[in-house]
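Subject: A structure for you to look at

Hi there,

Here is the structure I promised to pass on. Please have a look at it first, and then read my notes below.

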Amino acid sequence: LACAAGLVVLNELQKPGFLEGVKEKGEYIRSQIKSWKNKNVGEVRGKGLLIGTQITDGIKPFDIEVKCLENGLCTTTAGSDVIRFLPPLTITDKEIDEGLAIYKSTLEEFCK
């Protein structure tokens with residue numbers, strides 16, 4: 001069963017344009033977060049869909065992580081000042097936009 005599941009994953013990864021789509025989705029997410037020009041977000045970095053946003057102004061990323069989860073978005077922290085996203089490679093554009101809306105509104109709660 002594990003080998004069959006592994007083959008399905010490998011076949012999906014090898015489809016033409018799949019990995020390019022992953023890169024494009026990651027670039028889209030990073031560019032959207034940067035475009036908000038939120039004063040609590042420093043550097044936005046990542047590769048593919050592994051994305052980190054540096055949190056500034058002494059706000060604890062863990063507090064943002066908890067609030068995101070309460071609002072329906074699963075994130076994690078990385079180090080002492082980064083919120084990390086690692087969505088599935090098969091995430092849809094609609095799901096990305098929904099997640100970004102949650103993240104943006106959560107960050108705005110900390111700007112008050």
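Among contacts in the chain between residues at least 6 apart in sequence, what percentage join residues at least 24 apart? The figure is 56%, where a contact means heavy atoms within 4.5 Å.

Before the details, a word on the basis: this is a predicted model, in which local features need pLDDT of at least 70 and side-chain atom pairs count only at pLDDT 80 or more, while totals for chains, interfaces and linings use all residues. Residues are numbered from 1 along each chain as its sequence is written, and side-chain values use heavy atoms, with hydrogens and water left out.

Overall layout

The chain has 4 helices and 4 strands, taken as DSSP runs numbered from the N terminus (helices H or I, at least four residues; strands E, at least two). From the N terminus on, their order is α-α-β-β-α-β-β-α. The C-alpha trace spans about 50 × 30 × 25 Å along its principal axes. Of the 112 residues, 35% are buried (buried is under 20% relative accessible area, exposed over 50%, partly exposed in between, with a 1.4 Å probe and protein chains only).

The sheet

The 4 strands form an open sheet in the order β1-β2-β4-β3, with antiparallel pairing (two strands pair if DSSP finds at least two bridges between them). At the edges are β1 (41–47) and β3 (76–77), each of which pairs on one side only. Strand β2 (residues 50–55) is joined to β4 (residues 82–85) by 4 bridges, and these two run antiparallel. In that region Gln54 stands opposite Val82 of β4.

Helix α2 (residues 18–35) packs on the sheet and touches β1, β2 and β4, its direction making about 175 degrees with that of β1. Axes here are lines fitted to C-alpha atoms, for helices over the stretch in contact, and angles run from 0 to 180 degrees between N-to-C directions. Helix α4 (residues 93–109) also lies across β1, β2 and β4, running at about 10 degrees to β2.

Helix against helix

How do α2 and α4 pack, at what angle and with their axes how far apart? The angle is about 25 degrees and the axes are 11 Å apart, so α2 and α4 are roughly parallel to each other (angles under 35 degrees count as roughly parallel, over 145 as roughly antiparallel, 65 to 115 as roughly perpendicular and the rest as oblique). The contact is made by Lys25, Tyr28, Ile29, Gln32 and Ile33 of α2 with Asp93, Ile96, Asp97, Leu100 and Tyr103 of α4. These residues divide into 6 nonpolar, 1 polar and 3 charged (Ala, Val, Leu, Ile, Met, Phe, Trp, Tyr, Cys and Pro count as nonpolar, Asp, Glu, Lys and Arg as charged, and the others, Gly among them, as polar).

Helix α3 (residues 61–70) packs against α4 at about 130 degrees, with the axes 10 Å apart, which makes α3 oblique to α4. Ile64, Lys67 and Cys68 of α3 meet Ile102, Tyr103, Thr106, Leu107 and Glu109 of α4 in this contact. By class, that contact has 5 nonpolar, 1 polar and 2 charged residues.

Pro88 sits in the loop between β4 and α4. Pro88 is exposed, with a relative accessible area of 52%. From Pro88 to Leu49 the separation is 39 residues in sequence and 7.9 Å in space, C-alpha to C-alpha.

Best wishes
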